[in-house]
Amino acid sequence: MHLVRHGEVENPDQLVYADLKGFGLSRKGRLQAAWAGNHLADHPVRAVYTSPLDRALETARSIAVPHGLRPLILEELTEWTLLSRWAGRPWADLDAYYPGELDNYLSNPIQMDFASESLAGLARRMADVVNRLADRHPDQDLVVVSHQDPIQAAYLYLLGYFLGELHTDKPDHGEVISLVRKGTVWNLLARIAPPF
């Protein structure tokens with residue numbers, strides 16, 4: 001199972017884009033997506049699943065093409081719904097609109113009363129999808145393209161790490177996290193990110 005974060009997004013105003021439409025990849029993001037596609041080109045990938053959001057779908061296409069595949073959209077792979085609350089606001093102005101929420105997100109993501117989806121809920125949502133896909137495609141290479149926090153939450157949950165480490169060593173744009181499941185236990189095979 002290869003978990004891939006989408007490439008960098010064109011976002012000159014530094015907005016929280018959450019699940020808003022119209023936020024595709026930047027030039028650098030397209031290069032990162034192509035890098036992920038090249039990195040996975042030699043793997044026997046049987047399916048590429050993706051979040052429905054533009055930036056993820058664009059990244060998934062770059063990964064799917066070398067394998068003669070089309071990305072399959074799964075709504076459950078979308079962004080953390082917490083961010084929808086802040087969507088369209090500049091990151092720099094969040095504290096003015098939602099006092100203390102960004103600090104809470106950064107310092108104690110496990111306990112956020114204002115979040116429509118808890119971190120534990122996000123982790124379970126993502127882990128359920130990954131496990132379901134692994135069951136559907138036993139012993140096959142799969143790619144899941146999603147977003148930074150959902151991928152990090154799935155990674156921590158599947159490997160049995162503390163969810164409070166959400167902001168520790170988060171995946172970079174275009175990073176590929178390769179996991180393998182033996183029985184019900186997931187293990188890390190490799191993590192590799194574009195060098196740019």
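How many bridges join β2 to strand β3, and in which sense do the two run? There are 2 of them, and β2 and β3 (residues 72-73) run parallel. Strands here are DSSP runs of E with at least two residues, and helices are runs of H or I with at least four, both numbered from the N terminus. Two strands pair if DSSP finds at least two bridges between them.

A word on the model before we go on. It is predicted, with local features needing pLDDT of at least 70 and side-chain atom pairs counting only at pLDDT 80 or more, while totals for chains, interfaces and linings use all residues. Residues are numbered from 1 along each chain as its sequence is written, and side-chain values use heavy atoms, with hydrogens and water left out.

**The sheet**

Six strands form an open sheet with mixed pairing, in the order β3-β2-β4-β1-β5-β6. β3 and β6 stand at the edges with a single partner strand each, so one side of each has no neighbour in the sheet.

| Strands | Sense | Bridges | A facing pair |
|---|---|---|---|
| β2 and β3 | parallel | 2 bridges | T50 and I73 |
| β2 and β4 | parallel | 5 bridges | V45 and D141 |
| β5 and β6 | antiparallel | 7 bridges | L179 and L188 |

β5 and β6 form a hairpin with 2 residues between the strands, where G183 takes a positive phi near 70 degrees. As for β2, 5 of its 6 residues are buried, so the rest of the structure largely encloses this strand. Buried means under 20% relative accessible area, with exposed over 50% and partly exposed in between (1.4 Å probe, protein chains only).

**The cores**

A nonpolar core is a set of buried Ala, Val, Leu, Ile, Met, Phe, Trp, Tyr and Cys residues joined through side-chain atoms within 4.5 Å. The largest such core has 41 residues, and M1, L82 and W86 have the most contacts inside it. Two or more residues come from each of β2 (45-50), α5 (119-136), β4, α6 (148-158) and β5. Helix α5 gives the most, with 9 residues. A second, separate core has 13 residues, including W35, A60, A64 and V143.

Leaving aside neighbours within four places in sequence, M1 is in contact (heavy atoms within 4.5 Å) with V130, L133, A134, L142, V144, I177, S178, L179 and W186.

**The pockets**

Pockets are found on a 1 Å grid over the protein atoms alone: a pocket is an open set of points where a 1.4 Å probe fits, with protein on both sides within 12 Å along at least five of seven lines, and lining residues have an atom within 4 Å of a point. A volume is the space filled by probe spheres set on the points.

The largest pocket has a volume of about 380 Å³. Its lining has 20 residues, with R5, Y17, L83, W91 and Q148 nearest the centre. By class, this lining divides into 8 nonpolar, 6 polar and 6 charged residues.

The second largest pocket has a volume of about 270 Å³. It is lined by 14 residues, and M1, D139, Q140, V180 and R181 are the closest to its centre. β4 (141-146), β5 (176-182) and β6 (185-192) each supply at least two lining residues, and β5 has the largest share, 3 residues.

Conventions
Nonpolar A, V, L, I, M, F, W, Y, C, P; charged D, E, K, R; others polar.
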